Amino acid sequence: YSFCTLLQHISDTMPQVKELWVYPIKSCQGTKVGEAELVKWGLKLDREWCIVDVNGDRYPALEYLSQRKIPCLASVRVEMTNESLIVRAEGMPDLTVPINEEEYLANEDVNVSCSGISTTDPENQTWKLGDIMSKSAGKEAEQWFTRYLNKTDINKTGKPEARYVLCRMLSGSARNLVDYCGPNARKDMLGLPQSKMQGFNVRKNDGASFQDFAPFLMTSQNSCDWLAEQMGTPDYPLTPFRGSIVVEGCAPWDEEEWTVFKIGGVTFRKIKECPRCSIPCRNQETGEFMFKNGSYKGVKGSKLQATSTLKSKFPEKASDDEWGKWKGPFMGVYVAHDDQQGTIKAGMDIEVLEREKRGFDFCRPLAIAALVMPLAAYLFTQKSK
């Protein structure tokens, strides 16, 4: 046990699920839900849709697009009903997209590349973690996103207009993590692994949809509060970190030590920490930087203040060779659940079953105080008699 675990036993408290977030369309706005059904690739409906530049006019053809390349995707709002997604954006009519997979079967096939291909250094700044054969969401959705993104994406002025297609993953097409991660990952034509992610704890039942990497990304409110304190800001939103499971009631960074834990009757296990790009520095309603014009809520800082602060405080937590030259600082943990069935809810306790000991234990002073103070009080009482 670490001191954090000891403190939890002493205080009879456990970390909890603070929030659950579903992001139906990759890199667009998410929806906070009270409970969520688990499927092989994470929370049901999470990242089951994505957007691609189908012809490669502005971005690498068929690569699933994110805010890394199109920050204004953050301005696309997505509401979920029992039967549809309602997609909204300023100056655009509402777009209704069906959820039922059967309504997509006759649509155009789109083989989506689950990759991040640099437009400036494609040989050295590229990662690819499989493909998903998907279905187009139809002409109306294509016209909606083509119109909105060609108008709103200011990063590609001077480029020809792109044909943007909204794609829907079918449940039988989810990626298997073992195909591109772990010791049995697929090899290329020369017999070499297609990715450098060979040493991670993945299993045959672990899946992914259009997430960057794994079925769940777990983030901590306590770690985010610590980050805000280090930046000197009164607060900092956790939404830019785009976690599907948000936890609270633990010490900052304690979540990185949870190698096996339970929520309800479902057992989760850690795969790896999440290296961060520029998205955690962006407003998740506009796509603009949080430190817009060099400040946030009166505190001065750079546009990448959040990630630069993480990197300066934890330089050892910014080296992830598996992603090539990408050296983003870690915040959040990728976890998996072996395709267990069930439902998890906000407010559920988290039972930490196994830990790894690493780095400074923020709970150590608190745990020592929790042990020493009752003893000191007892001795003081005895002396006073």
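Two strands pair if DSSP finds at least two bridges between them. Strands (E, at least two residues) and helices (H or I, at least four) are DSSP runs, numbered from the N terminus. The model is predicted: local features need pLDDT of at least 70, side-chain atom pairs count only at pLDDT 80 or more, and totals for chains, interfaces and linings use all residues. Residues are numbered from 1 along each chain as its sequence is written, and side-chain values use heavy atoms, with hydrogens and water left out.

**View 1. The chain as a whole.** The protein chain has five helices and 22 strands. Of its 385 residues, 53% count as buried (under 20% relative accessible area; exposed is over 50%, partly exposed in between; 1.4 Å probe, protein chains only). Contact means heavy atoms within 4.5 Å. Among contacts with a separation of 6 or more, 73% are between residues 24 or more positions apart.

**View 2. Strand β14 and its two partners.** Five of the five residues of β14 are buried, so this strand is largely enclosed by the rest of the structure. In a regular strand the side chains alternate between the two faces of the sheet. From β14, F216, M218 and S220 point one way, while L217 and T219 point the other way. β14 pairs with β20 in the antiparallel sense over three bridges. Here L217 stands opposite Y334 of β20. With β15 (residues 245-248), β14 runs parallel, joined by three bridges. S220 has V247 of β15 as its bridge partner.

View 3. Rolling a probe the size of a water molecule over the atoms shows where empty space is left. A cavity is a set of points, on a 1 Å grid over the protein atoms alone, where a 1.4 Å probe fits but cannot get out; lining residues have an atom within 4 Å of a point. Grid points are joined across faces, edges and corners, and a volume is the space filled by probe spheres set on the points. A search of the whole structure finds one cavity of 30 Å³ or more. The largest cavity holds about 300 Å³ of space. Its lining has 25 residues, with R47, D212, L217, R242 and R276 nearest the centre. β14 (216-220) and β17 (266-275) each supply at least two lining residues. By class, the lining has 14 nonpolar, four polar and seven charged residues. Ala, Val, Leu, Ile, Met, Phe, Trp, Tyr, Cys and Pro count as nonpolar, Asp, Glu, Lys and Arg as charged, and the others, Gly among them, as polar.

**View 4. The buried side of helix α4.** In α4 (residues 305-313), Q305, A306, T307, T309 and L310 are buried. The buried residues of α4 pack against α3 (221-231) and β20 (330-336).

View 5. β5 and β11 (residues 164-169) pair over five bridges. V52 has V165 of β11 as its bridge partner.

**View 6. R175 in strand β12.** R175 is found in β12 (residues 175-176). R175 is buried, with a relative accessible area of 4%. The C-alpha atoms of R175 and C114 are separated by 9.4 Å. Along the chain, these two residues are 61 residues apart.

Note on methods
1 Å grid on protein atoms, 1.4 Å probe; cavity = no way out; pocket = protein on both sides within 12 Å on 5 of 7 lines; lining within 4 Å.
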